[in-house]
Amino acid sequence: MTFQAGDKVKYAKMRDAAEILSGPHASQGGADRYLIEKADGNVSLVKVTELSELDGRREVVAAAIHQALYLRSLSKASRVSRSRVIELADAALAALDGIEKSSPLAKGDRIRITKHGLEFATVIVGDVLMVDNVDAYGDGTVFTTNAPRSTGMRDCWYFRHDSEGRGWERV
């Protein structure tokens, strides 16, 4: 995953958003690192694996909860109330995501790829694919989709159901 200076990101070791200051910077271990300013104002050089894109829904839900509870904008929240509201937003989104994941895929459903080269398919982040067969192996573990980026050797891509949220998401 690549970020640019000014991007707001989620840093794995903090609840609030961080901002990319510069990077990527090569390191001796081979893992790229980014210089970030964390929500507490401290600056750190962190591994790219500790960063991810922000869930835009989180801020929208947190702002709505804060407005409903405190009758004022989230931008005017204290550190304590912001932290509480973020916890509530995360819980609400987890519950909603659980509902979405609990319904089985069906032929004709669409998925969005969130990981380049997922399960060795020629796909990139953002590709939207149509589900063709929800039980490709007959054991409920694998489904197939259309293969728009195929080099001609395949007419479908195979993906695991348990990769939901870690490589693909429902559209």
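Select Asn133 first, together with Thr144 in β8, its bridge partner. Strands here are DSSP runs of E with at least two residues, helices are runs of H or I with at least four, and both are numbered from the N terminus. The model is a predicted one, in which local features need pLDDT of at least 70 and side-chain atom pairs count only at pLDDT 80 or more, while totals for chains, interfaces and linings use all residues. Residues are numbered from 1 along each chain as its sequence is written, and side-chain values use heavy atoms, with hydrogens and water left out.

Next, colour strand β7 (residues 128–133) and β8, which pair in the antiparallel sense over two bridges; two strands pair if DSSP finds at least two bridges between them. Within β9, Tyr158 is the bridge partner of Thr144.

Why is strand β8 largely enclosed by the rest of the structure? Four of the five residues of β8 (residues 142–146) are buried, so the strand is largely enclosed. Buried means under 20% relative accessible area, exposed means over 50%, and partly exposed lies in between (1.4 Å probe, protein chains only).

Now move to the open sheet of five strands, ordered β4-β3-β2-β1-β5 with antiparallel pairing. β4 (43–47) and β5 (51–53) stand at the edges with a single partner strand each, so one side of each has no neighbour in the sheet. Inside this sheet, select β2 and strand β3 (residues 33–37), which run antiparallel and are joined by four bridges. Ile20 can be found opposite Ile36 in β3.

Is Arg58 buried or exposed? Arg58 is buried, with a relative accessible area of 8%. Its side chain makes a polar contact with the side chain of Asp90 at 2.8 Å. A polar contact is a pair of N or O atoms within 3.5 Å; within protein, one must be able to donate a hydrogen and the other to accept it, and residues adjacent in sequence count only if both atoms are side-chain atoms.

Finally, display β2 (17–25) and α2 (79–102), each of which supplies at least two residues of the lining of the second largest pocket.
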